[in-house]
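Please read the points below with the structure open beside you.

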Amino acid sequence: MNTTPDPSADPSADPSADPSADPSANPSANPSANPPRADDAQGTGAARTAGAADTTHFGFRDVPVGDKQKLVGEVFSSVAARYDLMNDLMSLGIHRAWKRYFVATAQVKPGDRVLDLAGGTGDIAALLRDRVGDAGELVLGDINGPMLRVGRDRMVDRGQVRGFRYVQCNAQTLPFPDASFDLVTIAFGLRNVTDKPAALAEMLRVLRVGGQARVLEFSRVKADWFRPLYDFHSFQVLPRLGRLFAGDSDSYRYLAESIRKHPPQAELQAMMEAAGFARCSHRSLSGGIVAVHTGYRV
Ligand SMILES: C[S@@+](CC[C@H](N)C(=O)[O-])C[C@H]1O[C@@H](n2cnc3c(N)ncnc32)[C@H](O)[C@@H]1O
């Protein structure tokens, strides 16, 4: 199997171990590979219309489609250094349990090649490492240089070096050959991608037949009684935590807003089916705060 990323597939990708260039600063690096398409066929708020006035959502704001990636890039460049601390504070550590469940229930075995997309600071990749073993390979892909750097440094500090590769890439235009991975994961990343159908199509393309794709993402809370509490936490507590601990309330306001704009459980499953995944299913965790979606390439 050819395991070498093909940079020619995406000039914005930097498959070197040093994620210095930032494709998020250049959202239209390869417009021909990434034509405008509706990322919101499911009615989740991306008010995209034909022509030059195409807009999509960035949190609750409508922004030109071409601007979203840059704005998302600014969010993660701003929070990268405090990202892990903030995750623990915001979720009271529960994100660790969600991630452990996500990885423990993934279809993966020793020796497998795995792509963790939007891998950020590497929580999922670190957990997957135990499952693929020394014979396996883990590619941590993320569009954002600062997030990748924090992830790589954390992994090196823990002595986790062997079997890891870091690729700065856009989930919408992956610089990998067809059928090159046994498992593709994306955790808390799809929400931030401008063109979600394009990212799902790319995940399918790079999976081998029989391979599994998994999405861990915030979703729709089920119990009516819990929603006001959840909204209070999202819109009042998170931005204040962001200001106190990361010096940035706007990024955490974006987080809360982007969660509300993300397709809920059944809609995301329908998007995966529309992208061509087979045997799709989902499971809500913590009352629907997050959901794990699964699909296969057949
Ligand atoms: C909330 S973090 C999730 C990080 C990690 N997966 C985790 O669970 O902690 C979202 C990540 O998605 C990345 N991202 C956003 N848009 C992306 C895109 N189009 N392609 C690849 N990564 C993207 C961001 O740079 C950021 O690192």
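1. This is a predicted model. Two helices, H1 (65-79) and H4 (123-132), each supply at least two residues of the shell around the ligand. The ligand is surrounded by 21 residues, and the closest are Ala118, Gly120, Ile143, Asn144 and Ala171. By type, the shell contains 11 nonpolar, 8 polar and 2 charged residues.

2. Where does alanine 118 sit? Its place is the loop between strand S3 (113-117) and H4. Alanine 118 is not a glycine, yet its phi is positive, at about 50 degrees. For comparison, most residues other than glycine have a negative phi. Alanine 118 counts as buried because 26 other C-beta atoms lie within 10 Å, and the cut-off is 20 or more.

3. Phenylalanine 188 also has a positive phi, of about 55 degrees, although it is not a glycine. Phenylalanine 188 is found in the loop between strand S6 (181-187) and helix H6 (196-206). Is phenylalanine 188 buried or exposed? It is buried, because it has 21 C-beta neighbours inside 10 Å.

4. Helix H6 is largely enclosed by the rest of the structure, because 8 of its 11 residues are buried. The buried residues are Lys196, Ala198, Ala199, Leu200, Glu202, Met203, Leu204 and Val206. What do the buried residues of H6 pack against? Their partners are S3, S6, strand S7 (207-218) and helix H9 (265-275).

5. The pairing of H6 with H9 can be described in more detail. The axes of the two helices, H6 and H9, come within 9 Å and cross at roughly 55 degrees. H6 and H9 are therefore oblique to each other. The crossing of H6 and H9 is right-handed. On the H6 side, the contact is made by Lys196, Pro197, Leu200, Ala201 and Leu204; on the H9 side, by Met271, Met272, Ala274 and Ala275. Of the residues in this contact between H6 and H9, 8 are nonpolar, none is polar and 1 is charged.

6. Leucine 148 counts as buried because it has 29 C-beta neighbours inside 10 Å. How far apart are leucine 148 and valine 167 in sequence and in space? They are separated by 19 residues in sequence and by 8.2 Å in space, C-alpha to C-alpha.

Notes. Residues numbered from 1 in each chain as written. Predicted model: local features only at pLDDT ≥ 70, side-chain atom pairs only at ≥ 80, totals over all residues. Near = placed C-beta within 6 Å. Helix = DSSP H or I, 4+ residues; strand = E, 2+ residues; numbered from the N terminus. Nonpolar A, V, L, I, M, F, W, Y, C, P; charged D, E, K, R; others polar. Buried ≥ 20, exposed ≤ 12 C-beta atoms within 10 Å, placed from the backbone. Contact = placed C-beta atoms within 7 Å. Axes fitted to C-alpha atoms, helices over the stretch in contact; angles between N-to-C directions. Parallel < 35°, antiparallel > 145°, perpendicular 65-115°, else oblique. Left-handed = near helix turned anticlockwise from the far one by under 90°.
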